[in-house]
Amino acid sequence: MEFSEYLIQKNICSASFSAAEPALFQNWSEAFNLLHPASFTEQNKFIINKIRRKYPLKKE
C-alpha cells in the first residue's frame with residue numbers, strides 16, 4: 001500500500017495536508033514506508049484524527 005492510498009483510506013486529503021504541513025507529511029511518509037500500516041495507525045492514532053478533521057477528503 002502506498003502512503004497516498006493510506007491517506008485516502010483514512011479520508012485525509014493528501015494535497016491539502018502536504019501543502020499545509022510539508023514537514024509532518026514528509027515524516028509520516030518516511031515512517032509509513034518503514035512500518036506496517038496497522039503499526040503506523042496505532043502509533044499515530046490520535047494525531048490521525050486531528051489531521052483528518054483539518055484536511056478532510058472531499059468526495060466527488
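A residue counts as exposed when its relative accessible area is over 50%. Glu-42 has 52% relative accessibility, so Glu-42 is exposed. The model is predicted. It holds two salt bridges, and its largest nonpolar core has twelve residues.

**Salt bridges**
- Glu-42 pairs with Lys-45, with the closest N and O atoms 3.5 Å apart. Lys-45 is partly exposed, at a relative accessible area of 36%.
- Lys-54 and Glu-21 form a salt bridge through their side chains (2.9 Å, N to O). Lys-54 lies in helix H5 and Glu-21 in the loop between H2 and H3, so the pair ties together parts 33 residues apart in sequence.
- Lys-54 is exposed, with a relative accessible area of 53%, whereas Glu-21 is buried at 18% relative accessibility.

**Nonpolar core**
- Members of the largest nonpolar core include Phe-3, Tyr-6, Trp-28, Phe-40, Ile-48 and Tyr-55.
- Helices H1 (3–9), H3 (22–34) and H5 (45–54) each give two or more residues to this core.
- In soluble globular proteins, nonpolar side chains tend to be buried together.

**Tyr-6 and Thr-41**
- Beyond four places in sequence, Tyr-6 touches Met-1, Phe-32, Pro-37, Phe-40, Thr-41 and Ile-48.
- Thr-41 sits in helix H4 (residues 37–43). Its side chain makes a polar contact with the side chain of Tyr-6, at 2.5 Å.
- Among the residues Thr-41 touches, leaving out those up to four places away in sequence, are Lys-10 and Ile-48.

**Asn-11**
- Asn-11 lies in the loop between H1 and helix H2 (14–20). Asn-11 is partly exposed, at 32% relative accessibility.
- The phi of Asn-11 is positive, near 60 degrees. Most residues other than glycine have a negative phi.

Technical notes. Residues are numbered from 1 along each chain as its sequence is written. This is a predicted model: local features need pLDDT of at least 70, side-chain atom pairs count only at pLDDT 80 or more; totals for chains, interfaces and linings use all residues. Side-chain values use heavy atoms; hydrogens and water are left out. Helices (H or I, at least four residues) and strands (E, at least two) are DSSP runs, numbered from the N terminus. A polar contact is a pair of N or O atoms within 3.5 Å; within protein, one must be able to donate a hydrogen and the other to accept it, and residues adjacent in sequence count only if both atoms are side-chain atoms. Contact means heavy atoms within 4.5 Å. A nonpolar core is a set of buried Ala, Val, Leu, Ile, Met, Phe, Trp, Tyr and Cys residues joined through side-chain atoms within 4.5 Å. Buried means under 20% relative accessible area, exposed over 50%, partly exposed in between (1.4 Å probe, protein chains only). A salt bridge is a side-chain nitrogen of Lys or Arg within 4 Å of a carboxyl oxygen of Asp or Glu.
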